[in-house]
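Student: I have a model open on my screen. Can you walk me through how to read it?
Tutor: Gladly. Take a look first.

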Amino acid sequence: MTQRMKHIAEDIDDTLFTFAEYNQSASEEIGYSNYSYWQSTIQVFFKNKVAVFLLMVIVLLLAFTFIQPLLPNQKLPTKIYNDPVTNMQYRNVAPNSEFWFGTNSIGQDLWSRIWSGTRTSLIIGFMVGLFEVIVGIVIGAMWGYMRKLDRVITEIYNVWNNIPTTIVLILLTYIMRPGIFTLIFAMSITSWLSMTLLVRNLIVILRDREYNLASRCLGTPIRRIITKNLVPYLVSVIMLRMALAIPTAIGLEVFLTYIGLGLPVDIPSLGNLVNEGRLLMMSESLRYQLFFPAIVISLITIAFYVMGNAFADAADPRNHV
Amino acid sequence: MLKYILKRIFRSFITLFAVTTIVFMLMRLMPEEGYFGDSYDKLDEIQREAILEGMGLRDPMHIQLIHFYKGLIKGDLGTSITYRPKVPVTEILAKKIPYSLWLGLSSILIAIIFGLWMGISMAQHKDRLMDGVGTFYIVFIRAVPSAVYYLFLQLYLTSWLKLPILFDVDEKASFFLPLLSMSLVSLAGYAMWMRRYMVDELNKDYIRLAKAKGLRQKEIMFKHVMRNAFVPMAQYLPTSILFAISGSLYIESLYSIPGIGSLLVESIQRQDNPLVQALVLIYAAISIFGLLMGDVLMAFFDPRIKFETQGGGR
Amino acid sequence: MNSDEMIKQDEKHLPDQIKKAMPILTIENLVVKFNLRGRSLSAIREASLSLYKGESLAIVGESGSGKSVFTKSLMGLLDANGWVDSGTIQYKTYDLAQFKKEKDWLKIRGKEIAMVFQDPMTSLNPLKTIGKQVREAVVKHQGLKGREATNAVYDILENVGIDAPRKRYNQYPFEFSGGMRQRVVIAIAVACKPEILICDEPTTALDVTIQAQIMELIGELQSKYGLTVIYITHDLGVVAHVADRVAVMYAGDIVEIGLSEEIFYDPRHPYTSALLASLPQLGIKGEPLYAIKGTPPNLFKKVEGDAFAFRNEKALKIDFVKRPPYFKISETHYAKTWLMDERAPKVDKPKIIELLNERSAK
């Protein structure tokens with residue numbers, strides 16, 4: 001090593017061996033990368049190719065679902081179509097150039113019915129999700145933040161939580177008249193609780209975290225604490241719940257329709273379509289009536305599920321490495 | 001530990017009581033047609049009122065409740081109206097419960113065994129093929145409404161595997177599809193939770209010490225991680241019981257299994273209120289029991305819980 | 001330092017093993033990098049060190065200096081996004097820097113090198129009895145089974161100062177206090193019968209009153225089992241009592257290394273002096289405490305010259321240009337600073353150091 005030392009030492013200009021000026025600001029330069037929560041979230045999300053692909057699928061699907069009626073040559077979902085020649089209903093016509101998804105047993109166009117049903121299901125899911133989020137945040141925040149309310153609500157929660165949601169759902173839909181509002185109401189009542197608990201737990205954990213106490217000590221206004229410290233955590237939770245609300249609502253709707261507690265038959269819904277298709281599934285030529293709704297349902301539910309989870313993962317600060 | 005279990009059981013009873021009361025009260029809102037069946041249209045207003053009064057349905061709520069609990073203690077859950085007219089509900093239930101019980105318990109067992117195994121494999125082979133395949137399975141099962149694939153399973157597997165479509169007690173082969181279908185959802189659940197918790201545990205400090213000790217990855221997995229992950233697994237048990245309940249509603253109808261699941265579906269379709277009420281209560285009781293089991297198992301696996309004096313909210 | 005050199009220190013009593021001067025572990029120009037958000041960070045920048053059998057070596061440095069990463073790389077415990085980029089770690093016949101597979105590391109972990117971690121609260125499996133956890137090490141490394149293994153565990157537990165070992169065997173970590181848990185962790189490490197014991201800030205998470213006990217325990221075990229110990233710490237007070245030699249780490253490099261007295265009483269690198277000067281015990285009543293201004297450099301960027309130059313009020317121009325090599329101050333004392341070059345201007349010892357010398361002379 002001594003050899004090497006000599007070697008280095010020889011090439012150096014002697015004038016460098018004088019004192020340099022001390023620069024205090026240079027000494028404090030940290031140079032950490034600029035971490036922006038949202039930027040990192042988006043970065044991580046977009047790295048997930050599958051999720052991005054599905055996001056595009058969803059966007060296209062959503063757009064199409066609502067644009068579809070405005071396109072030319074679209075049939076009406078509840079209208080019964082007759083063959084102009086025979087004047088008989090176009091029953092159980094296999095998919096052809098006129099009826100892209102075929103018709104059902106009373107002559108209605110399956111293509112438009114499916115899209116109409118999708119619209120209905122999406123709206124139901126969205127409304128339920130919205131309700132969940134609003135009620136969940138409001139009550140959850142109060143529950144978590146105000147210690148006095150905590151005990152009371154916790155006790156109520158403990159009892160309410162033990163009531164199985166499926167049962168309540170069945171009960172409510174059995175009692176109330178079938179309809180879109182009934183479904184939205186029943187699903188909202190049964191789902192808001194878990195969201196509320198989630199929000200409450202988050203608030204409780206975050207409220208007492210040292211950095212929030214520090215912020216309060218420093219006099220940071222509550223509004224800023226909420227937006228800078230709490231919201232990033234809430235966002236991933238909220239996005240996940242809203243994204244999952246759609247497949248959950250569709251699932252519940254199919255379930256209830258199967259038992260006979262879903263939407264009335266005259267409103268096309270994905271649940272109704274599956275049910276109708278089910279009756280005919282044994283016949284090979286009529287199986288398409290089950291296939292199409294099944295494929296559309298699978299596509300929508302998988303897409304929302306995966307994308308919701310992917311976003312929640314991306315929004316989790318621990319994954320921002 | 002015993003104290004904890006007793007406390008928990010007591011709590012469950014309170015909850016059961018509260019739930020039963022609430023359900024009962026809610027059920028007073030049931031459509032009145034459900035008490036008449038076919039005769040509804042044939043009777044006029046006065047006759048209907050008379051019948052309802054005779055059933056005690058016009059009494060004030062607290063009287064109705066007392067009546068109900070009195071009957072409950074005696075084992076009387078009312079009489080079926082439209083399903084099997086004049087037959088006591090308990091009699092109908094007694095014949096059907098064994099089927100559902102068998103189906104439910106077996107499917108949960110299968111789900112636990114295969115689900116845990118799958119979750120462990122996925123965690124062990126994280127980000128490799130097994131993990132990918134498993135994830136695909138889990139995503140599919142959790143996203144798509146079960147009604148959809150239950151139908152296709154019945155449709156295709158019956159012809160491919162030459163299985164009978166409908167359930168028959170005497171034909172063992174007919175057991176396979178219903179069991180398989182029932183276990184799918186819970187299997188996915190157990191696999192997902194197991195994998196998640198194993199992965200979480202693997203990031204903890206004590207695993208690093210185990211590594212530093214010189215333990216092989218496999219040893220760490222089995223002796224440390226797996227055992228710890230059973231604790232939150234026990235928490236999933238109540239959910240899988242719930243899935244078994246809702247699943248039974250489908251499966252029993254699809255395969256014509258004479259259990260209480262298909263009974264509920266039928267009694268809803270026929271608007272047989274006493275039957276619907278009794279079934280709802282039974283299912284509520286089962287779920288509460290499931291939650292209790294989950295908590296007890298958790299305490300069994302996690303010694304820290306035994307020492308807590310606070311019961312802890314759920 | 002090569003194996004031919006003899007140490008001529010007659011002031012302090014050195015363990016006999018050092019006189020034999022055989023390094024059992026030689027690290028040369030180690031470079032360890034991490035991948036963070038797509039960029040790479042050099043956590044260890046060509047650090048070199050030799051470890052002699054039977055000694056107590058302390059590695060001191062502030063948070064972020066790389067002390068933990070340094071020792072983790074000796075056992076293959078780096079996080080998944082880190083790797084050894086270059087350099088050698090010579091231990092017996094192995095070059096640990098070349099180890100890639102678990103199979104290789106299993107030859108080292110526990111058996112040759114064992115580690116005591118910083119936080120006893122999280123180091124132990126909360127759902128396993130501590131007896132079983134110690135037993136794992138015994139079974140694996142001492143080749144004992146059944147009754148024999150259990151008895152060995154009782155022995156070790158007693159040796160680390162846990163009384164009623166039979167009862168304690170079946171207890172869970174949450175039934176132990178922090179200090180006791182750390183004893184268990186030490187028991188596990190020692191049960192592996194290693195050559196080298198690395199203690200990563202073993203007392204930082206403990207009460208001051210327990211700290212001394214734990215340090216004493218480690219010292220006892222060292223003599224009893226013939227261990228070579230590496231202490232990682234930021235607390236110079238701890239170091240003063242137990243270390244034979246001290247290595248000072250800054251920004252991923254070992255900037256000064258020497259015998260304990262040499263470092264404390266004759267520090268040559270400006271960072272070492274600054275570190276010592278910041279000891280609150282050296283504060284003079286009425287005067288502000290000394291603190292090193294500035295912060296350690298950003299290791300995402302390549303460091304030109306001496307990493308400490310920016311914070312050094314007495315830096316030379318060359319400190320910003322070229323990285324100093326090791327300059328020899330004595331057979332056992334080396335420092336990477338251009339101030340040791342013959343062309344460098346003479347610098348007085350900082351007032352604080354003189355103070356330290358005076359105080360200890362009393």
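Tutor: UniProt positions are given here in the numbering used for this model, and annotations may be inferred rather than shown by experiment. Keep in mind that the model is predicted.

Student: Which residues of chain A does UniProt list for "transmembrane region"?
Tutor: The unreviewed UniProt entry lists residues 50-71, 122-145, 157-176, 182-206, 230-250 and 286-307 of chain A.

Student: How much helix is there in residues 50-71 of chain A?
Tutor: That span is 82% helix and 0% strand. Its end C-alpha atoms are 30 Å apart. Residues 230-250 of chain A are 100% helix and 0% strand, with end C-alpha atoms 31 Å apart.

Student: Which elements of chain A have the lowest and the highest mean pLDDT?
Tutor: pLDDT is the predictor's confidence in each residue, from 0 to 100. Helix 1 (residues 2-10) of chain A has the lowest mean, 51. Helix 4 (residues 49-67) of chain A has the highest, 87. Chain A as a whole averages 79, and 91% of its residues score at least 70. Over residues 1-5 of chain A, pLDDT stays under 50.

Student: What is the mean pLDDT of chain C?
Tutor: It is 84, and 93% of the residues of chain C reach 70 or more. Residues 1-13 of chain C fall below 50; this stretch still has 25 contacts in the model beyond near neighbours in sequence. For the complex, the predictor gives an ipTM of 0.77 and a pTM of 0.76.

Student: Now the sheet. In what order do the strands of chain C lie?
Tutor: Strands of a sheet pair through backbone hydrogen bonds, either parallel or antiparallel. In chain C, 8 strands form an open sheet in the order 6-7-8-3-9-10-12-11, with mixed pairing. The edge strands are strand 6 (113-116) and strand 11 (327-328) of chain C. Strand 11 of chain C runs antiparallel to strand 12 (residues 334-335) of chain C, joined by 2 bridges. There, C:Lys328 stands opposite C:Tyr334. Helix 9 (residues 208-225) of chain C packs on the sheet, touching strands 3, 7 and 8 of chain C. The direction of helix 9 of chain C makes about 160° with that of strand 8 of chain C.

Student: Which residues have the most contacts inside the largest nonpolar core?
Tutor: In soluble globular proteins, nonpolar side chains tend to be buried together. Here the largest nonpolar core has 153 residues, and B:Leu93 and B:Met198 have the most contacts inside it. Helix 12 (residues 288-315) of chain A gives the most to this core, with 16 residues. Another core, of 109 residues, lies apart from it and includes C:Phe99 and C:Tyr334.

Key: Residues are numbered from 1 along each chain as its sequence is written. Chains are lettered from A and ligands numbered from 1 in the order in which they are written. This is a predicted model: local features need pLDDT of at least 70, side-chain atom pairs count only at pLDDT 80 or more; totals for chains, interfaces and linings use all residues. Side-chain values use heavy atoms; hydrogens and water are left out. Contact means heavy atoms within 4.5 Å. Helices (H or I, at least four residues) and strands (E, at least two) are DSSP runs, numbered from the N terminus. Two strands pair if DSSP finds at least two bridges between them. Axes are lines fitted to C-alpha atoms, for helices over the stretch in contact, and angles run from 0 to 180 degrees between N-to-C directions. A nonpolar core is a set of buried Ala, Val, Leu, Ile, Met, Phe, Trp, Tyr and Cys residues joined through side-chain atoms within 4.5 Å. Buried means under 20% relative accessible area, exposed over 50%, partly exposed in between (1.4 Å probe, protein chains only).
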